[in-house]
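Biologist: Can we go through this model together? I'd like to know what the words for its parts rest on.

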Amino acid sequence: MSPDEILTVLIAMLGGAIRVSTPFMFVALGETITEKSGRINLGLEGNLVLGAMLAYAISYHTGQPWLGVLAAGGAGMFLGLLHGLICSLPRVNDIAVGIAMMSFGIGIAFFFGKPYIQPSAPRLEGLPLGTWSDNPALRQALEINPLFFVGIVVAIFLWWGLANTRTGLIVRMTGDSEASARALGVNPIRVRVLATVAGGFLAGVGGAFLSLSYPGSWNEGLSSGQGLMAVALVIFARWNPLRCIAAALLFGAAGAIGPALQSVGISQGYYFFNAAPYILTLFIMIASARSGAASQAAPGELSIVK
Amino acid sequence: MTLAVAKTAARAIGLECRGMTKIFGSLVALDDVSITVKPGAFHALLGENGAGKSTLVKCIMGFYQPTRGQLLVNGAEARIDTPAAARDAGIGMVYQHFTLVPCLTVAENMVISRGDLPAVIDWKAEKAALAAFMERMPFRVPLEAPVANLAAGEKQKLEILKQLYLDQRFLILDEPTSVLTPAEADEILGLVRDMAARGDITVLMITHKFREVTAFADSVSVLRRGLYVGGGAVSDMTTDQMSRLMIGETKVRKSAARLADVVSDTKVELNALYVDDSDGMPAVEALDLKIAGGEIVGIAGVSGNGQSELVEAISGQRPLKDGRIFINGRPFDATRKDYDTFKVFGLPEEPLKNATVRRMSVAENIAFRSFDKPPMAGLGWWLRPSEMRRKATDLIASYRVKTPSPDTPIENLSGGNVQRAVLARELSGDVRVLVVANPCFGLDFASVAEIRAQIIDQRNKGAAVLLVSEDLDEVLELSDRIAVMSGGRITYVVPAAEADRNTIGKHMAGHA
């Protein structure tokens, strides 16, 4: 590869990282809220897919993509509420319910989504932040969707809020020691249901990005497991919203390797490079399972920790 | 009433229970108990497990509604229906198990314990207020430290500070020293006593340790089987009197005499053992220890210093990361085969969890060591349940296990009887090596005496005994040699005859 080509690949990876990372970021932040309260919601893949479908459909019918984003969040809240309430029943395992909710969310998205595979809906416009440059590749890479910035703002707000607000402290307390929460008169079930609803909202918004920005259309192979990878990413980020941004960018860059190499004409191992995020997930799971620091940062009430 | 109290300089609260009775179904947990605790008193509530101490305290705290009886706060009748009502009345409790949130810092834990947090917390103002509060206190805890990183003593201090921060003037301490080293316990109780003596607070302490009663309390009440059986000023009572009140007429087995010069050729050697805890962090490091036959080596230490991991590694519940165990010079692996070859037996802590299968019958549990050997099994796999039952029936009788039948699931037995069933299984044969962990935790006096006598018996018969206990008094009573474990290492070894409580305490705290 010539230096020019390497530059092209790096720019493409930068742009790819920013684009691909956004849904990861939203799902991971949502999962962070839920896990901080002491529950795991593995069903966020369902929120992502249902959110993508609904956002596309609403945008198609109303011509308002942002309305689609809100609708996707609403669908996510609905799935989150369902998960939260079912898990509040005695002796119900949150992981099993999560897997069921994932199938449920994907199922209804496919069921209602059939008519929207063909038509084209208005998409979310990116912000052209690269106009100062005359490098077309860089200009393309820096055409960034506002949702990316929304995600960063949400992450910073969460990081601040978990430490500085009453709600934040109560969520962390519930997630770490149910007995203490009860002793202070906090109802852990209520906190966890609300945290799962909030997490579901963010995951739904992440789905809207998939269908309305990048890749930017609705079809059944749209998410391909990103919602599940984002859950792994939360462990990697050690339940810290700011580290979620970094981890999402890393996953995004891994996902962009394949297309970036293709853009300079390297197509050998294309499918292998496309598998990079999945391989990365596998290694991260192994590494974090072995890491003492990760297990110390884990909220004490998580069903996998107890 | 509250106003009148506030005007006087001394702010401690007095409390009186009159005829407190609590009945659960057919069980009378508390029977007409009347206790008076004067403002500024340090009052001890003595009693065995199940004597009704916690029922009484839970009635005071509003967790239970007494079936009959009155509660008077500062002389006026008070209705306390909920823990929140107790808090409003100025009554706070420090629980045996910490109620701190491990991932939060000290400051966060204190602030969150206040019910009235604003939506956004002004940390600058809160921390200034907390620092000013700490200034006024006789003891301090670093505000910025995460609670997970605090030592047990600091956590206990923080629990007390939290109650004072909430302006609770009547403190109930539930077995406050069970997780502390003797030095930490003395320090904290001393500070609390001084505050009570100044009239700042009133203290009601649940305990079963006479030493703490005589050293710190000024008055005492003794409960037995739900009844108030005696009490008064501590200065008027001897330890003997208190103990007789507490135990009643129960016959306690005399401790077996410790024979001198037991001849035994058993030698156990723990050689440079390394064990990790469940999170993969080192729990036991470079542990060397030799135990001879006819000797009890007691390991003292504050819980969480690697003792559980050590016992689990010896009993095959946890892999050894490095090092080796030798018995009579030959390597020992924690396998069933080696247990039989070397005649290694064990009484692990929490026997219901670690030494039995809850839902299997008493007879099956007693047969765990021998079910696959003749006469209980033919050809190595054909089991004979009748034989199993016959053997169990014998052992149940000779070890006085109280069970409806040998076929009862073992989880239906009381703690003392589960421990007796395990004793029957482990000690009825020829024992060469015995590993014992917290054998008497939560048991009544009669069972405790019985179990300790059995351990001494095994020693007298020539077994090498490793005793791990969080109860320093138990270690001092039973051991021939005492080793202190701190931070996963043996930091101090001393023959029991030369042992000194304070030196051991210092080593337990890692300050020597």
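Modeller: Strands (E, at least two residues) and helices (H or I, at least four residues) are DSSP runs, numbered from the N terminus. This is a predicted model, where local features need pLDDT of at least 70, side-chain atom pairs count only at pLDDT 80 or more, and totals for chains, interfaces and linings use all residues. Residues are numbered from 1 along each chain as its sequence is written, while chains are lettered from A and ligands numbered from 1 in the order in which they are written.

Biologist: What makes β11 and β12 of chain B a pair?

Modeller: Strand β11 (residues 267-276) and strand β12 (residues 282-292) of chain B share seven bridges, in the antiparallel sense, and at least two are needed, so they pair. Val275(B) sits opposite Val284(B) in β12(B). Five residues lie between the strands of this hairpin, where Gly280(B) takes a positive phi near 80°.

Biologist: Why are α6(B) and α7(B) called roughly parallel?

Modeller: Their axes, α6 being residues 152-165 and α7 residues 182-197 of chain B, cross at roughly 15° and come within 10 Å. Axes are lines fitted to C-alpha atoms, for helices over the stretch in contact, with angles from 0 to 180 degrees between N-to-C directions. Angles under 35 degrees count as roughly parallel, over 145 as roughly antiparallel, 65 to 115 as roughly perpendicular and the rest as oblique. Therefore α6(B) and α7(B) are roughly parallel to each other.

Biologist: Which residues of α6(B) and α7(B) meet?

Modeller: Gly153(B), Gln156(B), Lys157(B) and Ile160(B) in α6(B) meet Glu184(B), Ile188(B) and Val192(B) in α7(B); contact means C-beta atoms, placed from the backbone, within 7 Å.

Definitions and conventions: Two residues are in contact if their C-beta atoms, placed from the backbone, lie within 7 Å.
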